[in-house]
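Subject: Structure for your review

Dear colleague,

Please find below the structure that I am handing over to you. My notes on what was found in it follow directly after.

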Amino acid sequence: MTGLRACVVVPAHNEEALVGACIAALADQRGVAREAYEVILVLDRCTDATAERARAAAGDTTLHVIDAIGTGVGHARRTGMDLAAGRLPHDGLIATTDADSTPAPDWLATQLQAVTDGARAIGGRVEIGDHDVPDAALARRQAEIPRRHAALTGEGAREHHQFSGASLAVTVDTYVQVGALEPRDALEDEGFERTLHRHGIPIERLAAVRVTTSGRRIGRAPRGLAVDLRRNAWLDERSFHHAAFTVDALLAAKRQTISLILPTRNVEGTLGRILDTIPRALVDELLVVDGHSTDGTIDIATERGVRAVTQPATGKGDAMWHGLAHTTGELVVYLDADTEDFTEAFVLGMLGPLLTAPVDFVKGHFRRPFKHGDATRPDEGGRVTELLARPYLNLHFPPLAVFRQPLAGEIGATRALLESIPFPMGYGVEIAMLIDSYRAVGLERMAQVDLGTRQNRHQSLADLSKMALEVLTAAERRTHGDVTPGALLVPAAGDFTLKTPVTEERPPLNGR
Ligand SMILES: O=c1ccn([C@@H]2O[C@H](COP(=O)(O)OP(=O)(O)O)[C@@H](O)[C@H]2O)c(=O)[nH]1
Ligand SMILES: O=C(O)[C@@H](COP(=O)(O)O)O[C@H]1O[C@H](CO)[C@@H](O)[C@H](O)[C@H]1O
């Protein structure tokens, strides 16, 4: 086709609410002839009226509506960019934006001028339009951009730092030279930026190239702006500190009955102090669920008149499930019983958000010292957390990466929620509960609370290996479907030992 100078690619997954404004803004580009550009809308599994809304907004601008090859934003953008590369002359411009974005009227003309001036890749400035995110959260997210950019490229930038799917463009020559955009399910723009960097192609990040994008918290891509905004908003709205709550204030706020459950196993050294410290006025029901302790754990509970039951099976998760079955409170709080420095703050902190905020789930967090002999290293505790749980959540459940101690046993939730989810019987219980609660009620109905500092009893590295396998199994089941490991094989000199992880799951109690 003669005279065609640019194609604008717009990937879309169910964007009927916003795509009209996007296409209208593209149809309304000034300073560039109608026949000099086309819009390619790439539908990714749309089940709504995205295509119809787009067609209605296109006016006399050429709009191609095609289906993506593959699923996810990277595939959709790639499909469109490949098509554009085939339609344009070698010095033509492949530009792309998102369906929830509205380019400025001179967006395309400014970029075409930049190409005439020698630009090969262009990053536009993305401003966030309508949003319901706290200002501080928005500011924090925007401040991340230069840090990310520096981490990605090791470079400073001239006018700004952005090169995002909402506004990026390359010449056809450049696209062909670097070998197309990698079709990732998210952050394909960051991947493309790295590719360009690797090929030594300079990116012009021009302040005059502007788009406004929606500040929605729930986007379509599994990573990206919406996930970042949601996380930042959550940090402002759902983070608590135990010091904000007092016994009197919580008594005044208390409308529901409360069960407090302590899973125990050989904790005679810490249980007494914990039971003596719990502010009993707030708690309707206190239960110790013991895992066949061989020390004085049970005696410590019974001496204080605290109900103690022995779990029939073994495993921390099984104890928690058993505790749930043997209590009736509308709100349930679990606390680990190996805490050496327990204070009233643990109970107040866990109950505070449940009693005063619109949440169904609360997770404690704390600073974790690591004790070795007489020496203590601040913030070095939590080996399974740091080496497995945190990377895993970042990889597969980015919204849950906000939880500072994802394996903490300090958990509070509504009975209704807890009875609706399965409980892995071993150490997989905490990560499973986090993921299942997130799927059941969403991040906005979850909270975390700073409980101060917590020193736990350290298990040996060999025992943590088994714990890690239990955590990984529970997480994998929620990511990739059923997996069941055999025994954990640990090679030893000329031989190996086998340890059996606890990976069975108790079914939801409400399905009984
Ligand atoms: O599986 C997906 C996810 C997203 N998108 C589209 O990719 C663009 C960017 O998605 P989103 O707004 O969720 O990303 P964010 O702005 O949050 O990074 C939007 O046009 C989406 O409709 C898509 O085509 N398929
Ligand atoms: O989070 C982790 O990585 C592990 C191990 O922590 P350390 O490396 O011993 O500080 O901690 C979990 O298990 C402890 C019992 O062994 C519990 O007390 C912790 O709450 C739990 O997070």
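I begin with the shell around ligand 2, which has 4 nonpolar, 6 polar and 6 charged residues. In this classification, Ala, Val, Leu, Ile, Met, Phe, Trp, Tyr, Cys and Pro count as nonpolar, Asp, Glu, Lys and Arg as charged, and the others, Gly among them, as polar.

Before going further, please note that this is a predicted model, in which local features need pLDDT of at least 70 and side-chain atom pairs count only at pLDDT 80 or more, while totals for chains, interfaces and linings use all residues. Residues are numbered from 1 along each chain as its sequence is written, chains are lettered from A and ligands numbered from 1 in the order in which they are written, and side-chain values use heavy atoms, with hydrogens and water left out.

Ligand 2

There are 16 residues around ligand 2, and those that come nearest are Gly-382, Arg-383, Val-384, Thr-385 and His-458; a residue is near if one of its heavy atoms lies within 4 Å. Helix α14 (383–396) and helix α17 (461–480) each supply at least two residues of this shell, and the largest share, 3 residues, comes from α14. Helices here are DSSP runs of H or I with at least four residues, and strands are runs of E with at least two, numbered from the N terminus.

Oxygen atoms of ligand 2 make polar contacts (pairs of N or O atoms within 3.5 Å) with side chains: the distance is 3.0 Å for Asp-338, 2.8 Å for Arg-368 and 3.0 Å for Arg-454. The protein covers 96% of the 490 Å² of accessible area that ligand 2 has on its own, as computed by the Shrake-Rupley method with a 1.4 Å probe.

Ligand 1

Ligand 1 is surrounded by 19 residues, the closest being Pro-11, Glu-15, Asp-44, Arg-220 and Ala-221. By class, they divide into 8 nonpolar, 4 polar and 7 charged.

Taken alone, ligand 1 exposes 530 Å², of which the protein buries 93%.

Cysteines

How many disulfides are there? The count comes to 0, where a disulfide is a pair of cysteine sulfur atoms within 2.5 Å. For Cys-7, the nearest cysteine sulfur, that of Cys-22, is 15 Å away.

Methods: Polar contact = N/O pair within 3.5 Å; in protein donor to acceptor, adjacent residues only side chain to side chain.
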